[in-house]
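Thanks for asking me to look this one over. Here are my notes, in the order I would go through them with you on screen.

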Amino acid sequence: MRRGRPGTPGFVGRRLRSAREARGLSALALAELLGVTRQAVAQYEAGTQTPRPEVMERLSAALNLQPDFFLRPFPYDEAVPLYFRSLASATKGARMRAAERHKWLGELTSYVEQFVQLPPVLIPVPEPAPNWPTLEPGQVEEIATFVRRAWGFGDGAISDVTMLLENHGVVVSSTGMWSEALEAFSGWLDHRPFIVIEGVSASAARSRMSLCHELGHLVLHRDVPIAVLDDKQTFKQVEAQAWRFASAFLLPEEAFRADVRWPTLETFRILKPKWKVSIQAMLNRARDLGMVTPEAEQAMWRSLTRRGWRAVEPLDEELLPERPGLLRDAIRLMIESRVITVNQLVDDTALSESDLRDLVGLDDDFFAPPLQRLRLLPLPPRESSSQRTGITGPKRTGIPVPGGHADAPLNQAFGEQKGGDSNVVKYNRNSGKPWTSGNVKELRSLAKENTPTRVIGLKLGRTEDAVRTKASEENVSLKPTNQSPYNRQK
């Protein structure tokens, strides 16, 4: 009697599909990586066949996941509703990736909740509950005000939307979206709301509006059947309601009217630091409230285009992006309290280090061995030759440094942090923070000047690995283009 070929006992096919879609791979592409047929991959996912040990090893390596990941029950059914910004066919692959990673985020949150008590979910819903098909703009405005009051806010500017959401039980994740059209999405898992936003290129003002847009979905549309969103007109209606909610939530009518005596682009630019809302969003709000005529609105949009503000607005780089911290702080608490170790976190979740960093927003060096986390202490002050010999001469207040002025102190040239201990140099002050367009522009400029990668890292406050990774993403070459030393005229 012939024995069947050995497989992998306990293999869960739905896990393989989740991993494949989260990595953006087709069944054919994965089959080529594994050296098997597309039909074999389909059988693995259907559960009619399991991979042989050698295929299992290649599968784990190709998908960058531990073998144990594929041996765990899959906790969610197929009908997990999500609110995406775009349902265009061009975003289908990105939506599939996002949907599976959303489930990973839900599993990770459930794991954390075994050890840490997260804030309870407090998403206020007015009575009676909103009837989304018949909601008028004025009703949406009232609901936005209701949520503000339920959370103890008046009509003032909200300093940190991300923290506000997390304090009321929303899990926020900032990650790459694989499609500019998505930008953000939201949904519920295990009775907890989740919002995932684009965390790489979006400005702080745009991200805040996106967060409030998703909050609008969580408040207004929890009972909307996902199937009805396939209808373009219904989808457009639901999106318009969420945008109106976001606008009213961030820019309450009475306070906004009091600030905008003259609705002009310059007025909106001046108000941007206060409300932390884009100029374009304020123009839309002024239109919704009838504060500008259609002709004046169109004139301002044309002016925005001429000034190049459609893509990048004034103060976009000055407003600091908000950074989610709920899961990150919970995991740090677990480790610092010795509830788990870093290695246990990886083993218990069966996710890769890069996935954990991306989903939670952990620092680049979180998984580094202890020696790599050490930082140099500041050198003690050195006695000058004039102090030793009594000989005076030209005063030298600094030394030449790459990219710095010859008279600049060394700490200042290499990124000394203002305030606090003025002798401490924060080499990785931006570690873990999203790259701004200004950071990328400086990276390109430094690379063009043949600046060494180590020095680029010091100037940008990032690790060399982070610089290399971003350079690769932006197609920036870090190899010298000629023999001229950096920062020197030929």
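1. Conventions. This is a predicted model, in which local features need pLDDT of at least 70 and side-chain atom pairs count only at pLDDT 80 or more, while totals for chains, interfaces and linings use all residues. Residues are numbered from 1 along each chain as its sequence is written, and side-chain values use heavy atoms, with hydrogens and water left out. Helices (H or I, at least four residues) and strands (E, at least two) are DSSP runs, numbered from the N terminus.

2. An open sheet is formed by 4 strands in the order 1-3-4-2, with mixed pairing; two strands pair if DSSP finds at least two bridges between them. At the edges are strand 1 (82–84) and strand 2 (171–175), each of which pairs on one side only. From one strand to the next, the twist averages 15°.

3. One pairing in detail. Strand 2 runs parallel to strand 4 (residues 192–198), and the two pair over 5 bridges.

4. Helix 11 and helix 12. Helix 11 (residues 265–275) packs on helix 12 (residues 279–288) at an angle of about 120°, and their axes are 9 Å apart. That makes helix 11 oblique to helix 12 (under 35 degrees counts as roughly parallel, over 145 as roughly antiparallel, 65 to 115 as roughly perpendicular and the rest as oblique). Axes are lines fitted to C-alpha atoms, for helices over the stretch in contact, and angles run from 0 to 180 degrees between N-to-C directions. Helix 11 contributes Leu-265, Phe-268, Arg-269, Leu-271 and Lys-272 to the contact, and helix 12 contributes Ile-279, Met-282, Leu-283 and Ala-286; contact means heavy atoms within 4.5 Å. These residues divide into 7 nonpolar, no polar and 2 charged (Ala, Val, Leu, Ile, Met, Phe, Trp, Tyr, Cys and Pro count as nonpolar, Asp, Glu, Lys and Arg as charged, and the others, Gly among them, as polar).

5. Helix 1 and helix 3. Here the angle between helix 1 (residues 13–22) and helix 3 (residues 38–46) is about 120°, with the axes 6 Å apart. Helix 1 is therefore oblique to helix 3. The contact involves Gly-13, Arg-14, Leu-16, Arg-17 and Arg-20 of helix 1 with Val-41, Tyr-44 and Glu-45 of helix 3. By class, the residues of this contact are 3 nonpolar, 1 polar and 4 charged.

6. Ala-27. This residue sits in helix 2 (residues 27–34). Apart from neighbours within four places in sequence, Ala-27 is in contact with Arg-20, Arg-38 and Val-41.

7. Aromatic rings. There are 9 aromatic pairs, counting rings of Phe, Tyr and Trp (its six-membered ring) with centres within 6.5 Å; planes under 30 degrees apart count as stacked, over 60 as edge-to-face and the rest as tilted. Phe-84 and Phe-185 have ring centres 5.2 Å apart and planes at 40°, so the pair is tilted. Because Phe-84 lies in strand 1 and Phe-185 in strand 3 (residues 184–189), the pair ties together parts 101 residues apart in sequence.

8. Backbone details. Most residues other than glycine have a negative phi, and most peptide bonds are trans. Asn-64 has a positive phi of about 55° although it is not a glycine; Asn-64 lies in the loop between helix 4 (53–63) and strand 1. The peptide bond from Glu-127 to Pro-128 is cis, with omega near -5°, and Pro-128 lies in the loop between helix 5 (92–112) and helix 6 (137–150).
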